[in-house]
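Me: Could you walk me through a protein structure with a few questions and answers?

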Amino acid sequence: MDKKRWKTVAVSAATLALLSLLVFWVFRDHFQEIMQNIRAVSAGSLLLLLGMSVLYQMLESMVCFTLVRRHLPKFSFKQAVEVVFLGVFGNVSTLSVGSVPMQSYYLHRCGLMAGSGVGTMTLEYVFHKSSILLYTTIMLLMKRHWLYRGGNGFVQYLWLGYGICSLIIVVLLLLCGWNKIQRLAAWLIDRLPETEKWGARKHLWKSNLTALYAESKQLLHDRWCILKVLGLNALKLVCLYSIPFFTMRMLGIAALSFWQVQLLTALMHLISSALPNVGGVGPVEFAFVLIFSHYVEYTQASSALILYRVATFFFPFVLSIFIFLGVQKRMINDSEKT
């Protein structure tokens, strides 16, 4: 293994260790009780959770496959899986900064223009955020009376989540579909310093804006593709929001029904989207305990959270390390051949 690959492995291992220590520090006062609860979970139950995690990533890959296949007829589902896991790896290992660049570079190597790759990943993010907002709203309309009977200590966070999530969607949609906003963004980019370093960045950002606008115009006229992506996102969210329900059943917690957990998990994701995070860590943990501790004991909520994050964060990140190394090795070999 060359030095670059060793460096990747070392950074990934250090990230996992640091995040594990962070979890231990947050729950240190109840750690023994939490570990006792988790030890009671069977190996078969844990495999079920990991399987649901993989299913979620496969549905996410289907969304990517649907969007990219419009431009690259030879784009395979395997490549879509690699794009998704490169996003997972970049989100953690580069603290969210390198996620889209990694994915767009990979798509460029597959034959998609660099700007179009950024545009596709941006639109996928818009659909993801919109689906979360829509799904949460539907669940609130179905279960609002039960929710308010259980307590409203997190309602202020809920409206904050609605506001910020809606703002992100509106801003991105305006960037995608309104030419005047495009020109304003380009004008702001032009106001940046006129140095060699900033000049290259400005040219790249303006090219990405142009590609994003062109990609958006094409996609917004493809209603079948939009409906398909929204449908896949709905299935993806049902799968993701089912994981806390199964973690609670594995821990012997029967206080909440399936649809009640679906609602609470949807609220948790909406709230967490309104809070700052580093590499995907922090807001989810805070929102999960904040919401679920209203309905179950604190140690039970914390135990369910740890199992949930193993399935949705740590396990996908470990898989993404191997996929990243495989993609990196293949690209190096291809470069040496040419």
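Here are some questions and answers on salt bridges, a helix and aromatic rings, all for a predicted model.

Me: How many salt bridges does a search of the whole structure find?
Reply: Happy to start there! For a salt bridge, a side-chain nitrogen of Lys or Arg must lie within 4 Å of a carboxyl oxygen of Asp or Glu. Searching the whole structure with that rule gives a total of six.

Me: Which helix holds both K78 and E82?
Reply: These two side chains meet in a salt bridge, with N to O at 3.1 Å. They sit four residues apart, about one turn of the helix. An α-helix has 3.6 residues a turn, so residues three or four places apart point the same way. The helix that holds both K78 and E82 covers residues 77-93, and its name is α4.

Me: How many of the residues of α4 are buried?
Reply: This helix has 17 residues and reaches 24 Å from its first C-alpha to its last. That span is close to the 24 Å expected at 1.5 Å a residue. The helix α4 is mostly covered, and the count of buried residues is 13 of 17.

Me: How many residues apart in sequence are the parts that K206 and D190 tie together?
Reply: K206 forms a salt bridge with D190, and their closest N and O atoms are 3.1 Å apart. K206 lies in helix α9 and D190 in helix α8, so the pair ties together parts whose separation in sequence is 16 residues.

Me: Which helix holds R309, the partner of E285?
Reply: E285 and R309 form a salt bridge, with the closest N and O atoms 2.7 Å apart. The pair links distant parts of the chain, 24 residues apart. Both E285 and R309 are buried. E285 is in helix α12, while R309 is in helix α13.

Me: Which residue's backbone oxygen does the side chain of T136 reach?
Reply: T136 lies in helix α6 and is buried, at 0% relative accessibility. Leaving aside neighbours within four places in sequence, T136 is in contact with Y162, A266, L267 and L270. Its side chain reaches a backbone oxygen at 2.7 Å, and that oxygen belongs to I132.

Me: Are the rings of F65 and F77 stacked or edge-to-face?
Reply: The structure holds twelve aromatic pairs. For F65 and F77, the ring centres are 6.3 Å apart and the planes are at 75°. Planes over 60 degrees apart take the second of your two labels, so the pair is edge-to-face.

Me: Which helix does F77 lie in?
Reply: F65 is buried, with a relative accessible area of 17%, whereas F77 is partly exposed at 29%. The pair ties together parts that are twelve residues apart in sequence. F65 lies in helix α3, and F77 lies in helix α4.

Definitions and conventions:
Residues are numbered from 1 along each chain as its sequence is written. This is a predicted model: local features need pLDDT of at least 70, side-chain atom pairs count only at pLDDT 80 or more; totals for chains, interfaces and linings use all residues. Side-chain values use heavy atoms; hydrogens and water are left out. Helices (H or I, at least four residues) and strands (E, at least two) are DSSP runs, numbered from the N terminus. Buried means under 20% relative accessible area, exposed over 50%, partly exposed in between (1.4 Å probe, protein chains only). A polar contact is a pair of N or O atoms within 3.5 Å; within protein, one must be able to donate a hydrogen and the other to accept it, and residues adjacent in sequence count only if both atoms are side-chain atoms. Contact means heavy atoms within 4.5 Å. The expected span of a helix is 1.5 Å times one less than its number of residues. Rings of Phe, Tyr and Trp (its six-membered ring) pair if their centres lie within 6.5 Å; planes under 30 degrees apart count as stacked, over 60 as edge-to-face and the rest as tilted.
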